[in-house]
Amino acid sequence: MRALCSPLMLGWLVGTSGLMGLASLPAHAGELRCDGTLLQLSVQESGEMRSDRFRFSLQVEAEAGTPSSAMDQLNERLATVRTRLKPLSLGELIIPAPRSYSTGGSGGKPRLQRATTSVSGEVGRSNYDALIQAAGRLPGVELRGMTSRPEKGGKKQLEDELLRRALQQGKHQAENTSDALGLKQVRLMRIDKRGDRAHYPSVTYRAASQKFDPGEAPKPRQSITLNLDYCLS
């Protein structure tokens, strides 16, 4: 339920965590009533989650003089991908139907037929490096990205923590504003929770002699935004 603010504003105070609006006249919204000063805050909090698995995406391609030959080569490469990567993966590999098209043909060179598809799945932390190394060494295979996924229950746990932090931050700002205005009472009138966003970063690797550490991969992030109304009197 949103408190309606009077159009007469004392001004805007811009802080690092959002905008603060101050209304000098009483505000009403149903049973809510503020006979003092209405303070409107927008507070944002964000944090990282631990990853226990990673979603990988591969591009598999083959080229030949005819569509049939290109498809035969693609099938051979897919068979190798399945053999090498399935033991390292969590669950099944996802392979959509391939597509084929013509390419090249300029400068007197003959046109070639290309067949391509993708392979995706998930891998745990223990096989993170092994999958990157294996995929990077397969012919016609390009590792498009490894996307960090949060461990089970991690997203809900972080959301609860961010909510507590945002409410504490809003209360702290409201109390500071009340002190600055010489007022004594701070009452929370409205909580509008919105803007929840989860970000799962992806990174692309190419196989090399070095060992890839899952602890160095970008971690999933979560953020929330709270719009808060306080009555200061």
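I looked up the contacts of Asp192, where contact means heavy atoms within 4.5 Å, and found that Asp192 touches Thr225, Leu226 and Asn227, not counting residues up to four places away in sequence. The model is a predicted one, in which local features need pLDDT of at least 70 and side-chain atom pairs count only at pLDDT 80 or more, while totals for chains, interfaces and linings use all residues. Residues are numbered from 1 along each chain as its sequence is written, and side-chain values use heavy atoms, with hydrogens and water left out.

I placed Asp192 in strand β11 (residues 186-199), taking helices (H or I, at least four residues) and strands (E, at least two) as DSSP runs numbered from the N terminus. Asp192 is buried, with a relative accessible area of 17%, where buried means under 20% relative accessible area, exposed over 50% and partly exposed in between, with a 1.4 Å probe and protein chains only.

I then turned to strand β13 (residues 221-232), where 11 of the 12 residues are buried, so the strand is largely enclosed by the rest of the structure. I noted that strand β5 (residues 37-48) runs antiparallel to β13 and is joined to it by 12 bridges, pairing being assigned if DSSP finds at least two bridges between two strands. For Gln40, I recorded Asp229 as the bridge partner in β13.

Next I checked helix α1 (residues 67-85), whose 19 residues reach 26 Å from the first C-alpha to the last, close to the 27 Å expected at 1.5 Å a residue; the expected span is 1.5 Å times one less than the number of residues. I listed Ala70, Leu74, Leu78, Val81 and Leu85 as the buried residues of α1. They cover an arc of only 75 degrees around the axis, which puts them on the same side of α1, the arc being that of the directions from the helix axis to the C-beta atoms. On the face turned away from this buried side I found the exposed residues Ser68, Glu76 and Thr83. I noted that the cover over the buried residues of α1 includes β6, β7 (89-94), β9 (111-124), α2 and β10 (141-150).

Last, I searched for aromatic pairs (ring centres of Phe, Tyr and Trp, the last by its six-membered ring, within 6.5 Å; planes under 30 degrees apart stacked, over 60 edge-to-face, the rest tilted) and found one in the structure. Phe54 lies in strand β6 (residues 51-64) and Tyr128 in helix α2 (residues 128-136), so the pair ties together parts that are 74 residues apart in sequence. I found Phe54 buried at a relative accessible area of 1%, and Tyr128 buried at 0%.
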